[in-house]
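Colleague: Could you walk me through the charged pairs in this one, and then we can turn to the surface?

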Amino acid sequence: MAEPATATQAAAPVVALLKDELDIVIPTIRNLDFLEMWRPFFQPYHLIIVQDGDPSKTIKVPEGFDYELYNRNDINRILGPKASCISFKDSACRCFGYMVSKKKYIFTIDDDCFVAKDPSGKAINALEQHIKNLLSPSTPFFFNTLYDPFREGADFVRGYPFSLREGVPTAASHGLWLNIPDYDAPTQLVKPLERNTRYVDAVLTIPKGTLFPMCGMNLAFNRELIGPAMYFGLMGDGQPIGRYDDMWAGWCTKVICDHLGLGVKTGLPYIFHSKASNPFVNLRKEYKGIYWQEEIIPFFQQAVLPKDCTTVQKCYIELAKQVKEKLSKVDPYFDNLADAMVTWIEAWDELNPTEPVPNGKAA
């Protein structure tokens, strides 16, 4: 049975890659004692903590970490009326951290995710592996049967087109989990004791035109390349659906990456997911989504973005328009979601204004 690494196992000296270029975003409703286990890997980095739920509650953070913490009052103060696009009482609130960050890269992790061990028993530095994934190209246009050709010990196999071997920039790195798998409620109910003990030593580029179920609990991305698409939607308090926040962001992100010629990787790194959420509560949150996704996924599979959509923001506004046109018939929720998508981009651009350059074009 998989077990998390101990604090001693995780305490080996670590070289902090990109420590001035990356923020770690953590959504939470509780004290962040789990950071003690991650201290050797996370302490050199800046943390953005997004407190969900009651803003009067004090969240305790272990000493020695450099962090800023935002609660609902802060979100309302900073965004004003546009704060309506940020979910409440749902981990989807994490995307506010993406918006206020000023760094090039984001790593986001849930507070029930612990340090995992590889098959040799060594503690896995998940953040380091995500950075390696993001800093090496992706290959979405032609599948390499040795998986990521840019990993040590691998390369392009015979028959791989030389014209495609340069690859494309990697926008997102999607990590996996040992112990508690990321299952939906029906699967949880029929497999209550199932645990993932399989460690697959592989990183793959998700091919162009292929969607995937993105999980937000162990995820990194290049904020400059794809940040505005990482909106986790309207979930939680006052909404008819939950637990589809990261899925929605993943579908939007993948369609936009395919359009802009960017890559998404999945596989390593693993974290240890420590506890299963209540399947009956999850079923109540997911119930409508389980039906809706049978129409949502074909919508994204068929979505086409015009050639004049040359930025993530333009792509996202166009997607919002198509959501309103084609998914509102499924449920009025999607009309509200489409409006929130536009509000999100407006808020993003207000907090992240583009800088003019000498030739008059936006940076």
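Modeller: Gladly; bear in mind that this is a predicted model, in which the count comes to 14 salt bridges.

Colleague: Okay, what does Arg39 pair with?

Modeller: The side chain of Arg39 meets that of Glu36 in a salt bridge, at 2.9 Å from N to O, and because the two are three residues apart in helix α1 (residues 35–42), about one helical turn separates them. Arg39 counts as buried at 19% relative accessibility, since the cut-off for buried is under 20%, whereas Glu36 is partly exposed at 41%.

Colleague: And which residue does Asp258 bridge to?

Modeller: Asp258 forms a salt bridge with Lys254, with the closest N and O atoms 2.9 Å apart, and both residues lie in helix α7 (residues 245–260), four residues apart, or about one turn of the helix.

Colleague: Is Lys254 buried or exposed there?

Modeller: Lys254 counts as buried, at 1% relative accessibility, and Asp258 counts as buried too, at 16%.

Colleague: What about Lys324, where is its partner Asp339?

Modeller: Lys324 and Asp339 form a salt bridge with closest N and O atoms 2.9 Å apart, and this pair links distant parts of the chain, with Lys324 in helix α9 (residues 312–326) and Asp339 in helix α10 (residues 333–351), 15 residues apart. Salt bridges with shared partners also join Lys324, Asp335 and Asp339 into one network.

Colleague: Switching to the surface, which residues make the nonpolar patch of about 320 Å²?

Modeller: That patch is made by Leu189, Val190 and Phe280; Phe280 sits in helix α8 (residues 279–302) and counts as exposed, at 60% relative accessibility.

Key:
Residues are numbered from 1 along each chain as its sequence is written. This is a predicted model: local features need pLDDT of at least 70, side-chain atom pairs count only at pLDDT 80 or more; totals for chains, interfaces and linings use all residues. Side-chain values use heavy atoms; hydrogens and water are left out. Patches are made of residues with over 30% relative accessible area and no salt bridge: like charges are joined within 9 Å, nonpolar side chains (Val, Leu, Ile, Met, Phe, Trp, Tyr) within 5 Å. Accessible areas come from the Shrake-Rupley method with a 1.4 Å probe; for residues, only the protein chains shown count as cover. A salt bridge is a side-chain nitrogen of Lys or Arg within 4 Å of a carboxyl oxygen of Asp or Glu. Buried means under 20% relative accessible area, exposed over 50%, partly exposed in between (1.4 Å probe, protein chains only).
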